[in-house]
Amino acid sequence: MARLVLVASLGGFLFGYDTGIVAGAQLFFADDFPELAESELKKDLVVSLAQLGALVGALAAGPLSDKYGRKPIILAADVLFTAGSVLMYAAPSVAALMAGRVVVGLGVGLASLIVPVYLAEVSPTEVRGAVVAVDVMVITAGQFLSSLVSLALGRRWRLMLGAGAIPAALQLVGMLFMPESQRWLAKVGRNEEARGAMAQIYRPGHRDGQVDQLLQEIAGMQAELATPERERLRQLFGKYSRCLLVGCGLQFFQQFVGINTVMYYGPSILQATGISVDGVDPATLAIRLNIPLAAMNAIGSTVAVFVLDKAGRRWIMLRGLPGIFASCLVVSLAMYLSLFGGDPDGSGPQTTEQQVGNYLAVAGLVLYLAAFSVSMSSSVWSVNTEIYPIHLVGTATSLATATNWGANFLVSTFFLSIMRTDTGCVLAFLLLGAFAIAAWLFVYRLLPETGGREISENVENVLRGGAHR
């Protein structure tokens, strides 16, 4: 089981590495492509086109994985990520660089949907949340490693982006030796293969009861499993609309409280405060300061692995979102002190207020990542693997994950535009804080606890709207 989780979660590492590495690489694109220094819109697009590709990949992943299986889609994601990384490394033009970002995004979109589903389906109920949380922990490990790679490679942004092909190739080889999801195999009537898959995953004493229970569950749902795709969509927007609202809503709020804004533009945010150290290039300093941010994100995600199944998804979110709100206020205050606390013409040395603002910016971002990584990071993906009936998992998770990437695209595209004025820098994090309040109200009113229950129980609980139980 441990080997399977390690290999499968490399898909999360690809997601995290791309998120983190572009934060450093985009500071140096203009070295090769001066036109990007002249057009902020083009620079924003180079970063955010991967999210657009991921949106398309996520929409395709569900139906494709229902038809062909979970494992082939993970392999396809590896091929796309490898090809996109090579294309970005060799890009002779901005157009080629953008094309590479789209191809990488397609791979990330496939992996971001199918890896949590695959891990949830192969895991015993009692550790399902922890196993899915491992995938998110590996995402943050990829983000942390990307910060170190950015620092080590300096201005060599091509190597930064091209290095993503290495973990993709490793997962491609490793997944060839991993079993298909037993739930998918049983769903398509390949019962003996499902038994064989579980023989590779479960201990002998635990295996037989799990197999029999799974086959009984699947046997009782044959009519639903034969449902055509159009009818599945009708059910999702009809009978199971509350499940879809909860799943898509959580994915929307995960992005609109600002996580990938911080991960994509962490160095740029710190640069905006005017933080400086004598003798250190501002871009290099920003990358150095991004390392503790990525480290905190990884630490918080590791904590989530151990508490998610014990504390519960809803409980963690309701306590983490106030921390996100508070940290957004701290960063907004830091921006105000850094940008409005000095000489109006900016010609003199930094004042005490500006220096305090610099420290508060780093502290606020660290606090933000601590609160987010424990709460809204793993929990959202865990809930989305648990709240849909088995015959709708592929279609529903496609729509929910596409919502995540669509929101990600919008936030990452327009965030730097908002921050191009000093007032915008202050208001940007106030806006993210407002979304954190809205997310708390959404979770409180609509999300029941889904941890420690069978998936069928969770569907019924969501449909009853039992958020307060």
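1. Rings of Phe, Tyr and Trp, taking the six-membered ring of Trp, are treated as a pair if their centres lie within 6.5 Å. By this rule the count in the structure, which is a predicted model, comes to twelve aromatic pairs. One of them joins Phe15 and Trp405, whose ring centres are 5.0 Å apart with planes at 45 degrees, so that the pair is tilted. Phe15 belongs to helix 2 (residues 10–25) and Trp405 to helix 21 (residues 393–418), and the pair therefore ties together parts of the chain that are 390 residues apart in sequence.

2. Phe33 sits in the loop between helix 3 (29–32) and helix 4 (35–38), while Trp157 is in helix 9 (residues 157–162), so the pair links parts that are 124 residues apart in sequence. Phe33 counts as buried at 4% relative accessibility, and Trp157 is buried with a relative accessible area of 1%. Elsewhere, ring pairs connect Phe252, Phe253, Phe256, Phe435 and Phe442 into a cluster.

3. The next point concerns helix 2 again, the helix that holds Phe15. Helix 2 packs with helix 8 (residues 128–153) at an angle of about 35 degrees, the axes of the two being 7 Å apart, and their crossing is right-handed. On the side of helix 2 the contact is made by Gly12, Phe13, Phe15, Gly16, Tyr17, Thr19, Gly20, Ile21 and Gly24, and on the side of helix 8 by Asp135, Val138, Ile139, Ala141, Gly142, Gln143, Leu145, Ser146, Val149 and Ser150. Sorted by class, the contact of helix 2 with helix 8 has nine nonpolar, nine polar and one charged residues.

4. Helix 10 (residues 165–175) has Ala165, Pro167, Ala168, Gln171, Gly174 and Met175 as buried residues. The buried residues of helix 10 pack against helix 1 (2–8), helix 2, helix 6 (70–90), helix 7 (94–122) and helix 9.

5. Helix 16 (residues 241–256) packs with helix 20 (residues 352–384) at an angle of about 150 degrees, and the axes lie 9 Å apart. Angles over 145 degrees count as roughly antiparallel, and helix 16 is therefore roughly antiparallel to helix 20. The crossing of helix 16 and helix 20 is left-handed. From helix 16, Gly247, Leu250, Gln251, Phe253 and Gln254 meet Phe372, Met376, Ser377, Val380, Trp381, Val383 and Asn384 of helix 20. By class, the contact of helix 16 with helix 20 has seven nonpolar, five polar and no charged residues. Phe253 takes part in this contact and is also a member of the cluster of Phe rings.

6. Helix 20 also contains Ser382, which is buried with a relative accessible area of 0%. Not counting residues up to four places away in sequence, Ser382 touches Gly129, Val132, Leu308 and Arg313. Another residue of helix 20 is Asn358, which counts as buried at 6% relative accessibility. With the exclusion of residues up to four places away in sequence, Asn358 touches Thr273, Gly274, Ile275, Ser338 and Gln350.

7. Ile259 lies in helix 17 (residues 259–272) and is buried, with a relative accessible area of 5%. Leaving aside neighbours within four places in sequence, Ile259 is in contact with Gln254, Tyr368, Leu369 and Phe372; Gln254 and Phe372 are also listed where helix 16 meets helix 20. Between Ile259 and Asn408 the C-alpha to C-alpha distance is 9.0 Å, although the two are 149 residues apart in sequence.

8. Leu270 is likewise placed in helix 17 and is buried, with a relative accessible area of 1%. Leu270 touches Ile275, Ala286, Leu289, Asn290, Leu293, Ala361, Val362 and Leu365, not counting residues up to four places away in sequence. From Leu270 to Asn358 there are 88 residues in sequence and 7.8 Å in space, C-alpha to C-alpha. Ile275 is touched by Leu270 and by Asn358.

Definitions and conventions. Residues numbered from 1 in each chain as written. Predicted model: local features only at pLDDT ≥ 70, side-chain atom pairs only at ≥ 80, totals over all residues. Heavy atoms only, no water. Axes fitted to C-alpha atoms, helices over the stretch in contact; angles between N-to-C directions. Helix = DSSP H or I, 4+ residues; strand = E, 2+ residues; numbered from the N terminus. Parallel < 35°, antiparallel > 145°, perpendicular 65-115°, else oblique. Left-handed = near helix turned anticlockwise from the far one by under 90°. Contact = heavy atoms within 4.5 Å. Nonpolar A, V, L, I, M, F, W, Y, C, P; charged D, E, K, R; others polar. Phe/Tyr/Trp six-rings, centres within 6.5 Å; stacked < 30°, edge-to-face > 60°. Buried < 20%, exposed > 50% of the residue type's maximum accessible area, 1.4 Å probe, protein only.
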